[in-house]
Amino acid sequence: MSLNVNRAVTDQFYRYKMPRLLAKVEGSGNGIKTVITNMVEIGKSLSRPPTYPTKFFGCELGAQTQFDFKNNRFIVNGSHDASKLQDLLDDFIKAYVLCPACDNPETLLVVKKGAIGQRCIACGHVGMVDLRHKLSTFIIKNPPEHDPRSAGSSKTTRKTKSSKSKHQNGEGDACQEEEEFNDTAEDYEWSVDTSEDAVNQRMQSLTGGAKGLTLNDDLEKTQQERLDIFYKFVKAKKEEGLPKGVDKDFLGEAERLEVKDKAALVLVELLLDENVLKQLKQYKLHFARFVTDNPKAQKYLLGGLEQVISLHSKTLIPKVPIILKTIYDLDLVEEEVIIAWAAKPSKKYVSKEMIQQIHEKAAPFIKWLKEAEEEDSSEDEEVEVAFSHRGGAGLKVETVTSPSNAKPGQPPAPAKQEEEDFDIDDI
């Protein structure tokens, strides 16, 4: 069964058709995947490589994609319904196939100077494709193989004086189309200003939702490069005085760059100094957004604190136990993470001599933490045993408490007995 390429058009005689997407789920568990069995035919009907819509699905669904060109298998990891993929295909068509001027799917994509140009054969419109979607990065790295200069004429021929005269002279319009394309391409500014100021201006003009989609090439960079981007972002906000709600901006940027776990290192470097005790309380929410229920981020926070203590060792080495107590009381680092940190000193962030000093000063707090944990566990050992004695119409209950908390050398405390009469008929 065929569908209109532009499904917003309900005309049954609409000339642009494509096959309905067919999907088959294979495998199970972690190996489950969805195979789009007719993606090659769909790609041909849209004049796009089948890899483009497949990669688009992966971007939208947050799933990995696989291309088996030999067997014409285009795969999206996970189990996905065909109707959902069909709807996503509509989104792809709107963004990368339909002409924004005439809504016809007779467009060509041209990759030039790190940008994607779109040219409509039907109406002659030339424009730029939005680069904010991650698929645009994929297209730039994997440009279409067709030669736009040999694309021929449109199914919808434009009625222009020049083309009319060419036909009257017995000549085709392919050369005219080629000349018009070259002239327009040369006149049109395809490149994008990628200077830092230009990027910042574009970011400021975007809405919050669009900023979340603005990936550019950042995710293609190394983790250290992405951390550097996050560092500059936090530093700029700090220079602005850390406006209200900036903690949410920090979290959003870290998630965009996929550096949420290590972001605590950056925050420590930029927000904390020798006044760390006061600043931890002041910026509690900023850190909490990253470390809450995230042991990995908590370990990075401890590593960052090691660096701060090392930089201001004269002032902060004596305060190590208080610093650990502070992050514990603020619920920034869990008890188990601190104990594990103390058990395995690491010279990943500071020198061997410095980490030794830090752990020596931390020893009293670690001892206190372990003893508090043992006391909590011993309190949990208290057991209540209920005995029932039936007598007449009443139910007699005696509660006996385990004497496990009795101090050594002392006789166990007499069992407490509580009697309470219940009417069996009321139970």
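1. Let's start with a pair of helices: helix 14 passes helix 16 in a right-handed crossing, where right-handed means that the near helix is turned clockwise from the far one by less than a right angle. The contact (heavy atoms within 4.5 Å) involves L302, L305 and I309 on helix 14, with V320, I323, L324 and I327 on helix 16. Helices here are DSSP runs of H or I with at least four residues, strands are runs of E with at least two, and both are numbered from the N terminus.

2. A quick word on the source: this is a predicted model, where local features need pLDDT of at least 70, side-chain atom pairs count only at pLDDT 80 or more, and totals for chains, interfaces and linings use all residues. Residues are numbered from 1 along each chain as its sequence is written, and side-chain values use heavy atoms, leaving out hydrogens and water.

3. Back to that pair: the axes of helix 14 (residues 295–311) and helix 16 (residues 320–329) come within 12 Å and cross at roughly 150°. That makes the two helices roughly antiparallel, a label for angles over 145 degrees. Axes are lines fitted to C-alpha atoms, for helices over the stretch in contact, and angles run from 0 to 180 degrees between N-to-C directions.

4. Now have a look at helix 10 (residues 246–257). Its 12 residues should span 16 Å at 1.5 Å a residue, and its end C-alpha atoms sit 17 Å apart, which agrees. The expected span is 1.5 Å times one less than the number of residues. Its buried residues (under 20% relative accessible area, 1.4 Å probe, protein chains only) are V246, D247, F250, L251, E253, A254, R256 and L257. Just after this helix, E258 takes a positive phi of about 60°.

5. Next, find the open sheet of 3 strands, with order 7-8-9 and antiparallel pairing; two strands pair if DSSP finds at least two bridges between them. Strand 7 (107–112) and strand 9 (126–128) are the edges, each pairing on one side only. The twist averages 30° from one strand to the next. Strand 8 (residues 115–120) is joined to strand 9 by 3 bridges, and R119 stands opposite V126 there. Helix 4 (residues 134–141) lies across strands 7 and 8, at about 85° to strand 8.

6. Finally, strand 3 (residues 23–26) and strand 4 (residues 33–36) pair antiparallel over 4 bridges, with V25 opposite T34. They form a hairpin with 6 residues between them, and G27 in the turn has a positive phi of about 80°. Strand 4 also runs antiparallel to strand 6 (residues 73–77), joined by 4 bridges; I36 has F74 as its bridge partner in strand 6.

Definitions and conventions. Buried means under 20% relative accessible area, exposed over 50%, partly exposed in between (1.4 Å probe, protein chains only). Angles under 35 degrees count as roughly parallel, over 145 as roughly antiparallel, 65 to 115 as roughly perpendicular and the rest as oblique.
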